[in-house]
Every structure is written in C-alpha cells, then in structure tokens.
Protein chains: 2
Amino acid sequence: MISSEELAETFPIICQGWAASFILLPNGSRQILSLLLPGDILSVGLLFGTRPNFQVEAITTVHYCTFDRNKFKQALRNAPDVFDRFGRICVEERAAADQLIVDLGRRTALERIARLILSLESRLEQRGMVQAQTKEMDFPLRQHHIADATGLTPVHVSKMLAEFRRRGMIELNERSLTVRDPEGLRRSANLR
Amino acid sequence: MISSEELAETFPIICQGWAASFILLPNGSRQILSLLLPGDILSVGLLFGTRPNFQVEAITTVHYCTFDRNKFKQALRNAPDVFDRFGRICVEERAAADQLIVDLGRRTALERIARLILSLESRLEQRGMVQAQTKEMDFPLRQHHIADATGLTPVHVSKMLAEFRRRGMIELNERSLTVRDPEGLRRSANLR
DNA sequence: CGGCCCTTTGACGGACGTCAAATAGCGTGG
DNA sequence: CCACGCTATTTGACGTCCGTCAAAGGGCCG
C-alpha cells in the first residue's frame with residue numbers, strides 16, 4: 001500500500017498487475033475510486049503537484065514505471081497531439097468517475113455489481129487479457145474489494161454473486177471469472 | 001435545460017446564477033454530478049471535443065460566457081502558468097467528484113445532506129455570496145435538487161431537513177439558508 | 001494440528017423508499 | 001376578487017433492500 005505522501009513526487013503508470021485507488025474514512029470504512037489495470041495512469045492529478053486525496057493498494061503484485069513530472073509537462077506543451085491525447089485520457093477518467101457516481105447514487109446492489117463486472121470485462125478485453133475462446137479472465141479481486149468498489153458490504157456482495165451464479169450468468173472461482181450470459185448480465189445492469 | 005448536443009461546440013463558464021450538471025437514467029431517475037456556481041467551468045472535458053456524457057439544468061436564470069476552444073487550448077500551451085492553473089482546476093474538479101463518490105458509497109442520508117450544505121456554504125463564502133453578519137445565503141435549490149445530488153428521494157430529504165431544523169442547526173425558508181450551528185453540522189457530516 | 005482469512009448462509013434490524021393524504025404557495029384566467 | 005390547477009413540502013404508515021451479527025466450513029501456511 002502506498003501512502004499519499006510517497007505518491008506526491010512521482011507520476012506512475014501501471015505496467016503489470018491490478019491495483020485500486022481508494023479513500024479511507026475515519027470510521028474505517030473504505031471507498032474504492034477506481035480499479036487500475038495495466039496501462040492506467042495512477043492519476044492525472046499528480047501532474048500538478050497537489051498532494052493526492054487518495055491512497056493506492058496493490059491487489060496483485062504490481063509493476064509500474066514513473067515519469068518525471070516536469071519533463072512530461074513540457075512534452076504536453078510542445079506536442080499538440082500528445083496534449084490532445086492526454087486530454088482525452090483525463091476526460092475518460094472523469095467519465096468513469098461520473099458513471100460511478102450514478103451507480104452509487106441511483107442503482108441497486110445487483111446493478112452495481114453487474115456493471116462492475118461488465119466494465120472490467122470490457123477493459124480487460126481491450127488489453128487482450130480475456131481468453132478468446134473460453135472468455136475466461138483473471139480476476140484477483142476479493143469480495144471485500146467488490147464491496148468497497150460498489151459501496152456495499154462483503155456479506156451482501158456474497159449473496160448477490162450467489163444470485164448471479166444461480167441464474168447461470170457468471171462462473172467465478174479461484175481468481176478467475178467467465179461471463180456465461182453477457183446479454184443477461186447486461187439486462188441486469190441497465191434499467192432498474 | 002441544455003442538451004448534450006448543444007454543449008459539444010462551446011466552452012462555457014457560469015457568470016451568474018446556479019446550475020447543475022446531471023445524468024438521466026432510462027427509468028427517469030436522475031443523479032446530479034455537480035452544482036455549478038458563478039465562476040465555475042461547466043466541464044473541463046469540453047476542451048477536448050468529446051461529446052459530454054451529461055446534461056445541464058439552470059436552477060436560477062443563468063448568465064454565462066463561452067470561449068473558443070482552440071484559442072483557449074493555444075493559450076494553455078503558450079503560457080505555463082495558465083497551464084498550471086488550469087491543471088489545478090481540473091484536479092479540484094476531480095477531487096470534488098471523488099468526495100461525492102465517497103459520500104454516495106459510504107455515508108448516511110444525514111451525513112450526505114450536511115456535507116452538501118457545508119460544501120455549498122464554503123463555496124459561496126469564497127465568492128462573497130454569504131452575508132457577513134447574518135450568515136444568510138441565497139439557496140435556490142428545491143428539495144428534489146438536494147435529493148438528486150445526494151442519491152436520496154425528495155420525501156426523505158424533507159424528513160432529514162426537518163431533523164436539522166428540529167436540532168436548531170439550520171434555518172431554511174423561501175430560497176434562503178443560514179447555518180445556525182456550524183460546529184454541530186460539521187459533527188453530523190463527519191464520522192458516522 | 002491450529003490459527004487466520006475468505007466465503008457462505010440465515011435470522012434479524014434499521015435506514016431509506018413508496019404510497020398517500022393534507023396543506024401551502026403561486027400564477028392564471030374568469 | 002375568487003376559483004382553479006399546478007408544484008413543492010410535510011407527515012405518517014408501511015414495505016424492502018441492504019446492513020449487522022453470528023455460526024460454520026474451506027483453504028492456506030506455519
């Protein structure tokens with residue numbers, strides 16, 4: 001786990017493994033802001049030297065590389081296309097945060113979990129991390145990670161996952177997930 | 001109300017009045033992403049030409065001005081201090097979104113509403129929009145706005161506001177709010 | 001074997017949602 | 001001026017989703 005102090009000076013990108021950025025509350029409960037996969041920037045905010053408002057936990061062992069903040073900023077200013085691409089990354093990051101806000105504010109437990117699974121599936125697929133035939137993928141999250149990402153309790157997450165399994169929508173064992181009924185899962189995820 | 005299509009071509013800043021950016025769900029429920037006060041940029045994402053994922057509603061009558069996107073981008077690249085200041089605005093915007101995520105994921109109705117009021121109070125104070133002696137401020141939100149911002153129902157918001165009033169923490173009438181017991185309100189807002 | 005963590009399951013409770021009725025304010029139009 | 005329709009708010013009764021608590025089992029590692 002990386003403290004917010006250590007983060008303040010670097011600008012890291014995940015190369016391998018899964019991580020999560022989260023905020024801890026005084027009462028001990030936790031809210032995951034985003035799950036970080038290979039290729040993800042830890043946070044674009046780190047470019048501007050403000051001490052970040054979150055912490056990061058490695059879920060698997062993680063490899064990452066860091067850039068020099070000032071050199072990166074110069075590259076942004078000099079190359080308009082880099083600037084634009086970086087801008088679009090910022091926007092996507094923000095759009096994901098907005099979706100999480102809607103999920104937490106207005107969706108049920110089943111919907112939140114279905115959407116989490118679907119969004120992870122699509123992000124992993126973009127990275128070629130889903131087996132082409134079996135549709136199986138690595139899934140290192142513990143149920144408490146799912147709980148902290150969806151604003152639920154681990155106990156309730158367990159019950160909802162059991163429900164998805166009972167309906168034959170997912171298969172989930174020893175750190176591996178396969179979506180058996182994508183259409184059904186999408187239906188569970190959408191309107192309430 | 002401004003549709004997402006109309007927004008796509010401009011880069012607007014609120015000059016006067018209150019507005020809200022929000023996402024509408026197919027079932028008709030709504031989640032407010034942020035309340036926009038004078039001086040706020042509608043969304044930094046609009047700089048990069050992606051069609052925004054939200055809509056905007058004027059809560060009062062709103063005056064705003066818009067900038068040319070490309071000229072603004074050039075100014076960012078040419079003036080490092082402008083670039084940095086803009087970056088810091090992005091970061092603050094994101095930090096506010098993160099706080100909302102934590103609120104919706106991990107806090108009770110009373111806490112969410114207390115935090116909404118406190119954050120509005122501090123933002124209005126920064127803008128000199130709180131009367132110095134009486135601590136009174138304009139408060140044009142309807143209860144359904146508060147509900148959509150906190151992920152609650154208008155009925156429950158009404159009950160929670162009644163509770164705050166009963167405890168003598170706030171005074172809220174005809175579009176005007178005064179915080180009577182800031183310390184108590186802060187206690188309600190913090191740990192659960 | 002014996003802890004420890006994770007997961008599962010059930011019983012129960014509480015926070016918040018839903019539904020409904022009553023009231024007030026406010027603008028419109030007769 | 002009054003009737004009316006609309007919207008916002010308040011309040012209470014009741015329902016439900018999810019949290020809490022507890023017990024039990026499994027896997028892993030010392």
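Contact here means heavy atoms within 4.5 Å. By that criterion, 41 residues of chain A are in contact with 41 residues of chain B. The model is predicted.

**Interface area and make-up**

- Chain A and chain B bury about 3800 Å² between them. Carbon and sulfur atoms give 66% of that area.
- Arg77(A), Ile101(A) and Arg106(A) supply 20% of the area that chain A buries against chain B.

- The rule finds six salt bridges across the interface of chain A and chain B.
- Lys73(A) forms a salt bridge with Asp84(B). Their closest N and O atoms are 3.3 Å apart.
- Between chain A and chain B, 12 residue pairs are in polar contact, with both residues at pLDDT 80 or more.

**Elements on the chain A side**

- Four elements of chain A each supply at least two residues of the side that touches chain B: strand E3 (30-36), helix H2 (69-78), helix H3 (80-106) and helix H5 (143-150).
- H3(A) gives the largest share of that side, 18 residues.
- By residue class, the side of chain A that touches chain B divides into 19 nonpolar, 10 polar and 12 charged residues.

**Nonpolar core**

- The largest nonpolar core holds 52 residues. Phe86(A) and Phe86(B) touch the most other members.
- Beyond its neighbours within four places in sequence, Phe86(B) is in contact with Phe11(B), Ile41(B), Val44(B), Leu47(B), Phe72(B) and Leu76(B).

**Helix H5 of chain B**

- Helix H5(B) spans residues 143-150 and is largely enclosed by the rest of the structure, because six of its eight residues are buried.
- The buried residues are His145(B), Ile146(B), Ala147(B), Asp148(B), Ala149(B) and Thr150(B).
- These buried residues pack against H3 of chain A. Within chain B, they pack against strand E3 (30-36), strand E4 (55-58), helix H3 (80-106), helix H4 (109-126) and helix H6 (154-166).

**Val179 of chain B**

- Val179(B) lies in strand E8 (residues 176-179) of chain B.
- Buried means under 20% relative accessible area. Val179(B) is at 6% relative accessibility, so it counts as buried.
- Leaving aside neighbours within four places in sequence, Val179(B) is in contact with Ile117(B), Glu121(B), Lys135(B), Met137(B), Met169(B) and Leu185(B).
- Val179(B) and Leu118(B) are 61 residues apart along the chain, and their C-alpha atoms are separated by 8.6 Å.

Terms used. Residues numbered from 1 in each chain as written. Chains lettered and ligands numbered in written order. Predicted model: local features only at pLDDT ≥ 70, side-chain atom pairs only at ≥ 80, totals over all residues. Heavy atoms only, no water. Core = buried A, V, L, I, M, F, W, Y, C linked by side-chain atoms within 4.5 Å. Buried < 20%, exposed > 50% of the residue type's maximum accessible area, 1.4 Å probe, protein only. Buried area = accessible area lost by both parts, 1.4 Å probe. Salt bridge = Lys/Arg side-chain N within 4 Å of Asp/Glu carboxyl O. Polar contact = N/O pair within 3.5 Å; in protein donor to acceptor, adjacent residues only side chain to side chain. Nonpolar A, V, L, I, M, F, W, Y, C, P; charged D, E, K, R; others polar.
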